[in-house]
Amino acid sequence: MIKRSVFSSRTLPYLLILPQILVTLTFFYWPAVQGLIQSVMRSDPFGQHSTFIWFSNFTALFTDPLYLKSIGITMFFSISVSTVSISTGLFIATMANRALKAKAMVRTMLIWPYAVAPAISGILWLFLLHPSYGVVALGIKRWFGVDWNPVLRGSDAMFMIIIASAWKEISYNFVFFMAGLQAIPKSLIEAAAIDGASPFRRFWTITLPLLSPTLFFVTVMNIIYSFFDTFGVVHVMTQGGPGGATNILVYKVYQDGFIGLNMGGSAAQSIVLMSLIIVVTVLQFKYVEKKVQYTG
Amino acid sequence: MKVRKLLMIVAVAASLVFLAGQVMAEPITINWWHAMKGARGKVVDNMIKAFNDSQSDYVVVGTYKGNYDETVNAGVAAYRAKKQPHLLQSFEVGTQTMMLSGAIYPVYKLMKDEGYTIDWKGYLQPVLSYYMNADGDLMSMPFNSSTPVMYYNVDLFKKAGIPMLDKTTPITWDEMGEITAKLVKSGVAGGLTCGWQSWTQVENYSAMHNIAFASKANGYEGLDCELLINNPTVVKHIAMLKDWMKDGRFFYGGQKFQGPTAEFAAQNAGVYIDSVSQIAKMQATVKDFNWDVAPMPVESWMKDPQNSIIGGASLWVFEGHNKKDYKGVAALLKHLATPEMQVYWHKETGYFPITLAAYEQLKKDGYYKEFPYQEVGIKQLTRKDPTKVSRGLRLGYFIQIRNIINEELELVWNDTKTPQEAMDSAVKRSNQQLREFEKIYK
C-alpha cells in the first residue's frame, strides 16, 4: 500500500501549481503559439501588412535546396560535436577516475571550460585558428605547410566550429561521466580483474553498460546543445560562411528573422526546428532508452 | 560624519525630486535610439548635449541600442508595442523596409509641416539620393555616411618601386594588376584584399561604371525589380580577381572588415579596399608603417567615372507622436545639419559631412591640407552628379541579397563555381527574395 498525503480541498492543489503553470504558459507556450501563427502569415516586420497564406512558408522552405543543405549541415555538425565531445569526455573521465594524485584538482581544472559561454569559446578558438591572426593557424601554416584557411574553405570552417563547440561540452560530459563512474561498485571491476579480464574488456562489458543511463542522458543533452546553443560559436567564428558551409539551422533562423526581418519564413524555420528536436527526443526515449540499463 | 552624509543624501534626493518635477512640467522629452558606441557614441552624446544646452523646450535623450541589427529590431518591437522612440537610426540596407513600413513620418514632410524651408541642393547629393523616394523627396535624414576607398602601404610601395597614387584621379584596374604584381614580386605575401566584398566589388563597382545593379533604376521605381549583376562587365571583374588569386595578387580575407584589416595591418596585403570610416581605426592601430588613401580603381574604358555610393545609416522619424514633439524633432534635425555639428562629426568620426556648407567650411579651415586622406572619399563620392543607377540601391530583403552575393562570391574564391555560374545563381536566388518581398506589400 502506498502512503500519500491527500489535499482535502480540491482547489488548493491547482492554486499551488498555478505559478509554475503561469510561468510555463507565458515563457514557453505563448511564444510557441506566436511562432505558429507567424509561420502561416506573410507579414512585414512592423506588422502593418499581414496576410494569411496557409503553408506557403513551409513549402517555400522545403523546395529551397539551400534549406535542405542546411539540414544536412546541421545533422553532420550535431553528430560530429556529440561524438567528439562524448568520446573525449568519457575518455578523460575514465583516466581522471584512475588518477591517484591530485584527483580533486584535476577534476576541478577539467570542469572549468563548461563555465565559458559558447560565444567566448568561439572567440578563444578564433584567436587560435583564424588564418590572419590565429596563433595556432600561423604555426601550422609555417611549420607544417598545411594550407589552413577556414575563411575560404568550408571544410576547414566546419572543422573549426566543431572543435570550438565540442571543447566546451567535453567538460559537461566529463562531470556526468565522472559521477556515473563513481557510482559503479569497485568490487565488480576488481572481480573481473581477478578473473583475468583486460582493462578494455572490463570497460566494455562492465563500465559501459552500467554507465548507459548517463550516456543516454548526455547524448540527448549534447544533441540539443549542438542544435541550439552553438549559435554563439557560429556567430562569432564563421557567420555561417564561407559559401554557407557552416550555416546551421539555428543560425539561419537568426539570419533570416532577426537580421533579414523575414518574419514568416523564419517563424516557419523555428517550427521545423522545434518539430525536429521533438522527433529526435521521442525517438531516443522510445528506442534507445530500452537498451539502457538502470541499476537499482 | 554619518549624520552629515545622511543629510547630504536627503538634500540630493530632495533636489532630484524637485528637478524631476520641473522636467515633467516643462521640456518635452525626445527619444533617439542609435547604434553608435565607444568614441562615436561620445560624439553623438556631445551633439545631443549641444542641442539640449541651446534651448529649454526639449530634452533629447540618446540611447545606444546595440549594433545596427539590434537597433532596428528594438525599433520594430517598440513600434509593435506602441512605445516607439521619435528617432531611430537604421542602416542603409534596411531603407526599403523602413520606407514601406507605414510606421514613419517622412523627413521632407516633417520639415515642411514644421515650417522649415530647406534647400536640399545644399546637401551632398549622392548621400541624399540614397534616402529619397522615386519622386526625389527625402524620406530619412542621412546621419553617418561613408564610401569605400583604397588604402595602401606606402613603405611596401616604396620598396617595390611603385610611385605613390593620386588622391583625385583613380588608377585603372589594369594598373592595379601591375602594381599588385610588383608588390608580390618584391616579397609581399599578397597584393590586394578587400572588406565587404558585395558592397565594394559589386555594388560600388556597378555604380562607378554606371551599370545597373537591378532593373527599375536599381529598385527605386518599383518593387518588381530584378537583379542584373550577372552582366558581362561585373562577371569579367570577378573573373579577373579570381585570376589574380592564382599568383597572390588578390586574396580573400573574409566577408566583413576584421580579417582584411588584420591582413593589411600585418603587411600581408599592400592594398586594401574598405570604408573611409576605417581611417580612424587605422590611425589608432597601425604604428609600424606609413599608409595612404586613394580612390578606388576603375576600368580603363571608363574615362569619366561615376560617383561611388554610400554605406552607413540614416535617422528615421516614427509616426504616432504629438504635434508638439515633432516640433522638437525637426529642431533637432536642423541642429544636426548645422555646419558646426557636421564639421565636428566629420573630424571626430571620419563620416562625411552631409552639407556643402560644412564641406566648404572644412576646406576653408585648411583641414584637408593637414589630413589630405580625409578628402579622398568625399571627392570620389561627389565627382559627378549621381545618375539613376549610381544614386543608390533600393531593394527589399537587401540584407539577404547581400548575404547571397557574399556566399556566391565565396564559392568563386574557393573554386566551387565559375564567376558566371555564381553570379547567375546570385541573381536567381536574389530574385526569389525580391518576389517574396514584393508579395508582402501587394
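Reply: Let's start with one word: two residues are "in contact" if their C-beta atoms, placed from the backbone, lie within 7 Å. This is a predicted model, so local features need pLDDT of at least 70 and side-chain atom pairs count only at pLDDT 80 or more, while totals for chains, interfaces and linings use all residues. Residues are numbered from 1 along each chain as its sequence is written, and chains are lettered from A, ligands numbered from 1, in the order in which they are written.

Walk along chain A from the N terminus and you pass α-β-β-α-α-α-α-α-α-α-α-α-α-α. Along the principal axes, the C-alpha atoms of chain A fill a box of roughly 75 × 75 × 30 Å.

Now zoom in on one pair. Helix α4 of chain A covers residues 103–111, helix α7 of chain A covers residues 154–182, and the two pack at about 140 degrees with their axes 8 Å apart. (Those axes are lines fitted to C-alpha atoms, for helices over the stretch in contact, and angles run from 0 to 180 degrees between N-to-C directions.) Who actually touches whom? On the α4(A) side you'll find Arg107(A), Leu110(A) and Ile111(A), and these meet Ser171(A), Phe174(A), Val175(A) and Met178(A) of α7(A). Sort that contact by class and you get five nonpolar residues, one polar and one charged. (Nonpolar here covers Ala, Val, Leu, Ile, Met, Phe, Trp, Tyr, Cys and Pro; charged covers Asp, Glu, Lys and Arg; the others, Gly among them, count as polar.)

Next pair: α3(A), residues 65–98, and α9(A), residues 199–229, also pack at about 140 degrees, with axes 10 Å apart. The pair α3(A) and α9(A) is therefore called oblique, where under 35 degrees would be roughly parallel, over 145 roughly antiparallel, 65 to 115 roughly perpendicular, and the rest is oblique. From α3(A), the contact uses Thr74(A), Phe77(A), Ser78(A), Val81(A), Ser82(A), Ser85(A), Ile86(A) and Thr94(A). From α9(A) come Phe203(A), Val218(A), Thr219(A), Asn222(A), Ile223(A), Ser226(A) and Phe227(A). By class, the contact of α3(A) with α9(A) has seven nonpolar and eight polar residues, and no charged ones.

Gly241(A) and Pro242(A) are joined by a cis peptide bond, with omega about -10 degrees. Pro242(A) belongs to the loop between α10 (231–237) and α11 of chain A.

The contact between the chains takes 25 residues from chain A and 30 residues from chain B. On the chain A side, β1 (41–43) and α11 (249–259) each supply at least two residues, and α11(A) gives the most, with four. The chain A side splits into nine nonpolar, twelve polar and four charged residues.

What does the partner look like? Chain B has 20 helices and nine strands, and its C-alpha atoms fill a box of roughly 75 × 60 × 45 Å along the principal axes. One of its features is an open five-strand sheet in the order β2-β1-β3-β9-β4 (chain B), with mixed pairing; strands pair if DSSP finds at least two bridges between them. At the edges stand β2 (58–64) and β4 (141–146) of chain B, each with a single partner strand, so one side of each has no neighbour in the sheet. On average, neighbouring strands here are turned by 20 degrees against each other, direction ignored. Inside that sheet, β3(B) (87–91) and β9(B) (311–317) run antiparallel, joined by five bridges; Leu87(B), for instance, has Val317(B) in β9(B) as its bridge partner. Helix α3 of chain B (residues 68–80) packs on this sheet, touching β1 (28–34), β3 and β9 of chain B, and its direction makes about 135 degrees with that of β3(B).
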